[in-house]
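Dear colleague,

Here is the structure you are taking over. My notes follow it.

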Amino acid sequence: MKSFKKATLLALSLGMFNIYGQQAPKNIVKFNLLPLIGGTATVEYERAIAGKFSLNGSVAFMPKQSLPFKSLFSSVTDDSSIINATQLSAFSTTIEGRYYVNKKKVLEGVYVAPFFKYTRYTAHTEVEYNGATSTKELL
């Protein structure tokens, strides 16, 4: 977990420096800060291709962590030990082609974008059956 925090801090510090020359940038690397509240790190890369078109790719990762909003789930089950033992993790990647509809330069303003997204969520928990405890991957 320490290495994850160090990598996130390094990524954020590198993302703060956007130095442009006289020309508009053709490449942008973005670090999305809002998902960090939920423990997810997100990095995006966007490259201008031609005119108002660009390609964007992003990767998001959430390391194993406890189940959020446990109190909501505890109210629907009699055995809260399963809820307390549950660990979640996620990985996601997205590819999109962007068309900027405004009169500004490419990589700025409003855009329309078809996209393809792959996401994998995993939940791990301990389940007791026949007196034995076993760790199972649920999803």
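The largest nonpolar core in this predicted model has 5 residues: Ile28, Ala48, Tyr100, Val106 and Leu107. A nonpolar core here is a set of buried Ala, Val, Leu, Ile, Met, Phe, Trp, Tyr and Cys residues joined through side-chain atoms within 4.5 Å. Buried means under 20% relative accessible area, exposed over 50%, and partly exposed in between (1.4 Å probe, protein chains only). In soluble globular proteins, nonpolar side chains tend to be buried together.

Leu107 is buried, at a relative accessible area of 10%. Leu107 lies in the loop between strand E4 (87-100) and strand E5 (111-112). Although not a glycine, Leu107 has a positive phi of about 75°. Most residues other than glycine have a negative phi.

Val106 is in contact (heavy atoms within 4.5 Å) with Ala48, Gly51, Lys52, Phe53, Ser54 and Tyr100, neighbours within four places in sequence left aside.

As for the whole protein chain, there are 3 helices and 7 strands, in the order α-β-β-β-α-α-β-β-β-β. Helices (H or I, at least four residues) and strands (E, at least two) are DSSP runs, numbered from the N terminus. Of the 139 residues, 26% count as buried. Among contacts with a separation of 6 or more, 43% are between residues 24 or more positions apart.

On conventions, residues are numbered from 1 along each chain as its sequence is written, and side-chain values use heavy atoms, with hydrogens and water left out. Local features need pLDDT of at least 70 and side-chain atom pairs count only at pLDDT 80 or more, while totals for chains, interfaces and linings use all residues.

Regards
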